[in-house]
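Colleague: I would like to learn how to read salt bridges and pockets from a model. Please go through them one at a time.

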Amino acid sequence: MNNTVVIGLIAFAAILAGAFAGAEVRERLPKHHLTDETKNLVSVSTAVVATVSALVLGLLISNANTSFTRLGGQVTALSAEILRLDHILRRYGADAEPARNMLLQYAEHKTADLFPDDRADVRLNNPSTYELLQRLEDMLLALKPANPRDQWWLAQAMTLAAKIGETRWLLAQQIGQGTPKAFVALLVLLACVAVRQFRTFFAA
């Protein structure tokens with residue numbers, strides 16, 4: 001099961017448990033603790049907890065949006081670099097055809113890593129895919145430019161291959177940089193506290 005669904009179910013169960021705990025505490029509280037003055041005090045504190053919860057939720061959403069935007073930009077840059085490298089190798093000539101075929105294999109493997117049928121199988125750091133890129137770089141190094149034109153194209157190709165490698169490492173660094181678990185735990189805790197207070201002092 002997806003980790004997000006599991007976390008959502010755990011959070012729902014914790015908040016629901018807080019609601020039942022509040023109802024249970026209400027039954028055990030002495031009547032003089034349920035005065036209007038106490039309810040007003042609890043109402044203010046609940047509003048503070050709800051505000052803090054909203055702030056934490058906003059931080060979580062902002063963090064998720066920033067990560068998504070950054071990752072999307074890196075994938076777009078990688079795609080553009082691969083397309084540009086393929087164009088350069090085609091302009092280089094027939095000697096670069098083996099390198100173009102290797103680049104095609106790399107692009108296919110990278111696409112399968114980033115966009116698998118099962119989203120849980122995303123692999124940002126696949127060693128076998130990176131090995132294809134290294135073989136491509138070796139093939140580029142083995143090329144012998146016959147004239148200044150070919151030499152210029154080869155230099156451009158090597159630069160792009162290096163950029164592809166850099167982008168690959170940037171993508172790999174995204175592993176484990178999801179929403180901080182401490183933030184999620186704090187949000188669930190605040191929600192439990194707010195629900196329990198409400199059920200304790202304002203339940204019918």
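Colleague: Which side chain meets that of Asp 150 in a salt bridge?

Modeller: Side chains of opposite charge can pair when their charged atoms come close. The criterion here is a side-chain nitrogen of Lys or Arg within 4 Å of a carboxyl oxygen of Asp or Glu. Asp 150 pairs with Arg 149, at 3.1 Å from N to O. A caution on the source: this is a predicted model, in which local features need pLDDT of at least 70 and side-chain atom pairs count only at pLDDT 80 or more, while totals for chains, interfaces and linings use all residues. Residues are numbered from 1 along each chain as its sequence is written, and side-chain values use heavy atoms, with hydrogens and water left out.

Colleague: Is Asp 150 buried or exposed?

Modeller: Buried means under 20% relative accessible area, exposed means over 50%, and partly exposed lies in between, with a 1.4 Å probe and protein chains only. Asp 150 is buried because its relative accessibility is 10%. Arg 149, at 41%, is partly exposed.

Colleague: How many salt bridges does the structure hold?

Modeller: There are three. Arg 100 takes part in one with Asp 86, where the closest N and O atoms are 3.0 Å apart. That pair links distant parts of the chain, 14 residues apart, with Arg 100 in helix α3 and Asp 86 in helix α2. Helices are DSSP runs (H or I, at least four residues) numbered from the N terminus. Arg 100 also bridges to Glu 97, with 3.3 Å between the closest N and O atoms. Both of these residues lie in α3, three residues apart, or about one turn of the helix.

Colleague: How accessible are the residues around Arg 100?

Modeller: Arg 100 itself is buried, at 18%. Asp 86 is partly exposed at 26%, and Glu 97 is partly exposed at 33%.

Colleague: How much space lies in the second largest pocket?

Modeller: A pocket is an open set of points on a 1 Å grid, where a 1.4 Å probe fits, with protein on both sides within 12 Å along at least five of seven lines; lining residues have an atom within 4 Å of a point. The second largest pocket holds about 230 Å³. It has 14 lining residues, and those closest to its centre are Ser 79, Ile 82, Leu 83, Ala 107 and Thr 111.

Colleague: Which helix supplies the largest share of that lining?

Modeller: Helix α3, with seven residues. Both α2 (36-92) and α3 (97-114) supply at least two.

Definitions and conventions:
Points joined across faces, edges and corners; volume = space filled by probe spheres on them.
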